[in-house]
Amino acid sequence: MSRDELKKLVDEGHEIEFNYNGKKYSITYGELNGKEVISFCEFYKETTEVDTFEKLCEVKRDGKTVIEMMNSITEKDMWIY
């Protein structure tokens, strides 16, 4: 998935789940201290909340950024809600 495709989905508020390197991750949304946030996590692990798409793209897990992960998976590895 390209950066532009991911940005469009995030801007529209879609929740995204995906498999990467044998692990499951999600991008969801919420509120923290009265501010809307984008939340990224490996399933059942600690979340990282950010306030912009650009910051989401730079979140790292296992040495890879979110955008690097998304660029390397195919549609069959993701679920968009």
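User: Is Phe 18 buried or exposed?

Analyst: Buried means under 20% relative accessible area, exposed means over 50%, and partly exposed lies in between (1.4 Å probe, protein chains only). Phe 18 has a relative accessible area of 1%, so Phe 18 is buried. A word on the source: this is a predicted model, where local features need pLDDT of at least 70, side-chain atom pairs count only at pLDDT 80 or more, and totals for chains, interfaces and linings use all residues. Residues are numbered from 1 along each chain as its sequence is written, and side-chain values use heavy atoms, with hydrogens and water left out.

User: How many aromatic pairs are there?

Analyst: Rings of Phe, Tyr and Trp (its six-membered ring) pair if their centres lie within 6.5 Å; planes under 30 degrees apart count as stacked, over 60 as edge-to-face and the rest as tilted. The count here is 4 aromatic pairs. Take Phe 18 and Tyr 25: the ring centres are 5.5 Å apart and the planes stand at 25°, so this pair is stacked. Tyr 25 is buried, at 0% relative accessible area. Tyr 25 and Phe 40 are stacked too, because their centres are 5.6 Å apart and their planes at 5°. That pair links distant parts of the chain, with Tyr 25 in strand S2 and Phe 40 in strand S3, 15 residues apart. Phe 40 is also buried, at 0%. Phe 18, Tyr 25 and Phe 40 form one aromatic cluster.

User: In what order do the strands of the sheet run?

Analyst: Strands of a sheet pair through backbone hydrogen bonds, either parallel or antiparallel. Helices (H or I, at least four residues) and strands (E, at least two) are DSSP runs, numbered from the N terminus. Two strands pair if DSSP finds at least two bridges between them. Here 5 strands form an open sheet, in the order S4-S3-S2-S1-S7, with antiparallel pairing. S4 (48–50) and S7 (78–80) stand at the edges with a single partner strand each, so one side of each has no neighbour in the sheet.

User: Which residue in S7 is the bridge partner of Ile 16?

Analyst: The partner is Ile 80. S1 (residues 16–20) and S7 pair over 3 bridges.

User: Which elements make up the chain, from the N terminus on?

Analyst: They run α-β-β-β-β-α-β-β-α-β. That comes to 3 helices and 7 strands. The radius of gyration, taken over C-alpha atoms, is compared with a globule rule of 2.2 Å times the number of residues to the power 0.38. The chain has 12 Å, close to the 12 Å from the rule for 81 residues, so it is as compact as a globular protein of that length.
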